[in-house]
Amino acid sequence: MRLKKLLIVGLIIVLSGIGGYVGYSVLYRPWQDRQQALRLIEEALQTAQQIEKDSQQNEAFKKIAVALADAELYAKALQTAQKIADDSDRDEALKGIAEAQVKAGLYAEALRTAQGIWNIDVRIKTIKKIALAQIEADLKPEAIQTFQTVLQTSQTIGYAGERAQTLLAIAIAQAEVGLEREAKQTFQEALQASQGIADVDEYVEVLRKIAKAQMKTGFYAEALQTARIIKHASIRDEVLKEIAMAQAEAGLFVEALQTAQEISTWHHLRAGALGAIAAAQAEAGLEQEAKQTFQKAHQAAEQIIVNWARPGVLREISEAQAKAGFYAEALQTARRIGYDKVRDEALKGIAIAQAEAGLWAEALQTVRRIKDGEMRNEAVQRIAIAQAEAGLWAEALRAAQGIKDEFRRNSAFKSIATAQVKVGLYAEALQTAQRIKVYSKDEISQMAADLKILADLGKNLDVIVVGLEMLKKIESSLWRYDVFIEIAVAQAKAGLYTEALHTAQRIEDATRRATALSLIAEELMRTGRRNHARLIHHQAIKAAQEIDDAAERAEVLTKAALIFLKEPDRGAD
């Protein structure tokens, strides 16, 4: 019995030592995987110290710090973040650490981390996430207090313009997390701070930003009050136009029309606002009211004195009419546009609206009126995509084939193939993808992106094989390897682990091979196959140690470590 135990222990030692990395035996436990992952992090840190270029070293330390935080090793993460010399990179690391602390429910610790962020905008965005998490956890008083800390900090800012913009950012964040009463108060504080701005142009710009922010948060009455303070007529009218349009989108048509009437200096802005309101009315089923408002828009357009403004306004009105489904009126408005290019833009918008409504013949007829070739190609591309989304494959392919521009034709084929994939037409999608043509080295990157369609076909091994054959079209080996990664991951997700491993091993570049192997291991972990994940993980580390570039090696080692740091106990095969 004693001899049997000794033999078992000996076997464990032999298996555990294979490859120079302890911890890859199927007999190892989750805590040992975690210890191995921590050793990888230490190796990544040592590798990062060797990086000569400052920017690359900062990036490496940032990624390691966030990885440590994801593993709930916050003290070590903060210590690593302090190694970062660049303020921006250090801020990003601290933001990542704070977000990890929020996920763990450590709100006070996250707030302390966030207060160390140098850039005020990044700090406020991070604090907003903390407050939002507190509200979701039913800790509203704590969320209010969280914002109070940054509000107190803002009072120490001496320059009025900077203080006003900081308060504005806080108000937006408060509104976004649902603290409306507090947000309104902070908006008022921002307005008060703006009064101390000496430069007239800067003051107007800050007022414009405050008014638009109030509008976007749904505080229309407050936005109007702010807009009326603006002395610069054209800027005031632009803001009023945006408020009117926002009110219309919210269904506040009476208020929107009243706001549009306040646009008194620039008729083209009032006309544009009225056109947008009319489109919103039509969408709400108020057809008669929409026609009346479109009439008002045309009347405003007739009052335009400057010739350069009228074509653009007529284009806006025509597109709004098309959006509302008034196609004949839209075409009539487009015909009144004197400039060919602007008229073509209007016709393009009408054709797209017709296609989205399923009026294919009418859309193609409108396209034929477009003189500009590029605009015509763009319109046909959009029609082909709309037909694909409607399941009209033959019509979509025929429209795509008629596009003269090669790039847009390729893009249309890609969209059609993607739509086919979504409904399970894998063979058809493959045939469509094969129509994508690479005709110059400049298009290699586009080809690589297009072939990622095949990664979505992971459940069909035959399709993947054909996809791998198609990769021969890619002249750049690195682009080809990037697509190998996509396909390997797709195979792993489909449960084709042997095939995924084979695909990854075809990658000669060590960085990309290690990346592919890590992603396969991560997928194995996700599905609870820890023992298999260990074996692939071991290969990923071996590949990582072949990487000559210190920055790349540190990044890959960090990613490999995260597989077991993030999921320390997911069971065994």
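1. Contact here means heavy atoms within 4.5 Å. On that basis, and setting aside residues up to four places away in sequence, A131 touches A143 and F147. A131 sits in helix 7 (helices, H or I, of at least four residues, and strands, E, of at least two, are DSSP runs numbered from the N terminus). A131 counts as buried because its relative accessibility is 0% (buried is under 20% relative accessible area, exposed over 50%, partly exposed in between, with a 1.4 Å probe and protein chains only). A131 and E142 are 11 residues apart in sequence, with their C-alpha atoms 7.6 Å apart in space.

2. A word on the source. This is a predicted model, where local features need pLDDT of at least 70 and side-chain atom pairs count only at pLDDT 80 or more, while totals for chains, interfaces and linings use all residues. Residues are numbered from 1 along each chain as its sequence is written, and side-chain values use heavy atoms, with hydrogens and water left out.

3. Now the overall picture. The chain has 31 helices and 0 strands. Of its 573 residues, 51% are buried. Take the contacts between residues at least 6 apart in sequence: 56% of them join residues at least 24 apart.

4. Which residues touch the most other members of the largest nonpolar core? They are I41, F147 and I520, in a core of 176 residues (a nonpolar core is a set of buried Ala, Val, Leu, Ile, Met, Phe, Trp, Tyr and Cys residues joined through side-chain atoms within 4.5 Å). Helix 31 (residues 550-566) gives this core its largest share, 11 residues. Neighbours within four places in sequence aside, I41 is in contact with I64, A67, L68, T558, A561 and L565.

5. Apart from neighbours within four places in sequence, L45 is in contact with F61, I64, K76 and T80. E555 is 510 residues away from L45 along the chain, yet their C-alpha atoms are separated by 9.8 Å.

6. Helix 3 (residues 54-70) has 17 residues and reaches 24 Å from first C-alpha to last, close to the 24 Å expected at 1.5 Å a residue (the expected span is 1.5 Å times one less than the number of residues). Its buried residues are Q57, N58, A60, F61, K62, I64, A65, A67, L68 and A69. After helix 3 comes E72, with a positive phi near 70°.

7. How do helix 5 and helix 7 run relative to each other, parallel or antiparallel? The axes of helix 5 (residues 87-103) and helix 7 (residues 120-136) come within 10 Å and cross at roughly 5°, which makes helix 5 roughly parallel to helix 7. Axes are lines fitted to C-alpha atoms, for helices over the stretch in contact, and angles run from 0 to 180 degrees between N-to-C directions; under 35 degrees is roughly parallel, over 145 roughly antiparallel, 65 to 115 roughly perpendicular and the rest oblique. D91, E92, K95, A98, E99 and V102 of helix 5 meet V122, T126, K129, I130 and A133 of helix 7. These contact residues divide into 5 nonpolar, 1 polar and 5 charged (Ala, Val, Leu, Ile, Met, Phe, Trp, Tyr, Cys and Pro are nonpolar, Asp, Glu, Lys and Arg charged, and the others, Gly among them, polar).

8. Finally, Q381 in helix 21 (residues 373-389). Q381 is buried, with a relative accessible area of 8%. Beyond its neighbours within four places in sequence, Q381 is in contact with I403, R408, S411 and A412.
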